[in-house]
Amino acid sequence: MALNHTRLIRCCEALREKQTMVENQELRKAGLKVTLPRVKILQMLDNTEDRHMSAEDVYKSLMEAGEDVGLATVYRVLTQFEAAGLVVRHNFDGGHAVFELADGEHHDHMVCVDTGEVIEFFDAEIERRQQEVVKEHGYEMVDHNLVLYVKKKGS
Ligand SMILES: [Zn+2]
């Protein structure tokens with residue numbers, strides 16, 4: 001058992017190292033110098049289950065992980081990430097701005113007005129209809145951002 005445990009830890013360390021290399025590469029590709037706060041924050045965004053995090057969420061998660069990165073630094077780094085195209089900022093109504101990695105396929109969002117939870121969705125029919133509506137108005141789509149404000153049924 002002890003051996004397996006050691007092996008597991010070694011494996012985790014190797015994985016973390018490899019991941020840090022990936023993050024370093026991502027930063028360089030985005031034209032950003034590799035600094036510890038940037039790597040830590042990018043790692044946090046890469047590994048979190050919560051794809052949409054406010055600066056405060058990132059700050060709290062880093063603190064819980066024992067990382068010493070101040071809130072002002074988190075704000076600054078997230079803004080730099082946004083400018084570099086690494087993350088997308090969403091300013092949903094009635095809450096803090098949330099950030100997500102700009103790595104995914106196109107999707108839209110629902111925001112729960114009670115809990116602030118952000119739910120991603122993609123609907124081919126809605127996408128198609130939007131294209132048609134834009135065309136009917138004599139335009140072509142450049143980008144779009146659809147946000148539905150929702151609450152749990154019956155609440
Ligand atoms: Zn999203």
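**Helix packing and residue burial in the predicted model**

Leu78 touches Ala55, Val58, Val87 and Phe99, when residues up to four places away in sequence are left out of the count; two residues are taken to be in contact if their C-beta atoms, placed from the backbone, lie within 7 Å. Residues are numbered from 1 along each chain as its sequence is written.

Leu78 also belongs to the largest nonpolar core, which has 17 residues. A nonpolar core is a set of buried Ala, Val, Leu, Ile, Met, Phe, Trp, Tyr and Cys residues joined through C-beta atoms within 7 Å. A residue is buried if 20 or more other C-beta atoms lie within 10 Å of its own, exposed if 12 or fewer, and partly exposed in between, with C-beta atoms placed from the backbone. Within this core, Ile41, Val58, Val74, Leu78 and Val87 touch the most other members. At least two residues of the core come from each of α2, α3, α4 and β3 (98–101). Helices (H or I, at least four residues) and strands (E, at least two) are DSSP runs, numbered from the N terminus. In soluble globular proteins, nonpolar side chains tend to be buried together.

The arrangement of the helices was examined next. The axes of helix α2 (residues 36–47) and helix α3 (residues 55–64) come within 10 Å and cross at roughly 100°. Axes are lines fitted to C-alpha atoms, for helices over the stretch in contact, and angles run from 0 to 180 degrees between N-to-C directions. The helices α2 and α3 are therefore roughly perpendicular to each other; angles under 35 degrees count as roughly parallel, over 145 as roughly antiparallel, 65 to 115 as roughly perpendicular and the rest as oblique. Lys40, Ile41 and Met44 of α2 meet Val58, Ser61 and Leu62 of α3. This contact of α2 with α3 comprises four nonpolar, one polar and one charged residues, where Ala, Val, Leu, Ile, Met, Phe, Trp, Tyr, Cys and Pro count as nonpolar, Asp, Glu, Lys and Arg as charged, and the others, Gly among them, as polar.

The axes of α2 and α4 likewise come within 10 Å, and they cross at roughly 75°. This angle makes α2 roughly perpendicular to α4. Pro37, Arg38 and Ile41 of α2 form the contact with Thr73, Val74 and Val77 of α4. By class, the residues of the contact of α2 with α4 are four nonpolar, one polar and one charged.

In α3, the residues Ala55, Val58, Tyr59 and Leu62 are buried. They lie on the same side of α3 because they cover an arc of only 100° around the axis, the arc being that of the directions from the helix axis to the C-beta atoms. An α-helix has 3.6 residues a turn, so residues three or four places apart point the same way. The buried residues of α3 pack against α2, β1 (53–54) and α4 (71–83). Gly66, which follows α3, has a positive phi near 80°.

Individual residues show contrasting burial. Phe81 is in helix α4 and is buried, with 24 other C-beta atoms within 10 Å. Phe81 touches Leu86 and Val87, not counting residues up to four places away in sequence. The C-alpha atoms of Phe81 and Arg38 are separated by 8.6 Å, although these residues are 43 residues apart along the chain. Ala83 is also in helix α4, but Ala83 is exposed, with 12 other C-beta atoms within 10 Å.

Two loop residues were also considered. Arg51, in the loop between α2 and β1, is partly exposed, with 15 other C-beta atoms within 10 Å. Asn145, in the loop between α5 (124–136) and β6 (147–150), counts as exposed with 9 C-beta neighbours inside 10 Å.

Terms used
This is a predicted model: local features need pLDDT of at least 70, side-chain atom pairs count only at pLDDT 80 or more; totals for chains, interfaces and linings use all residues.
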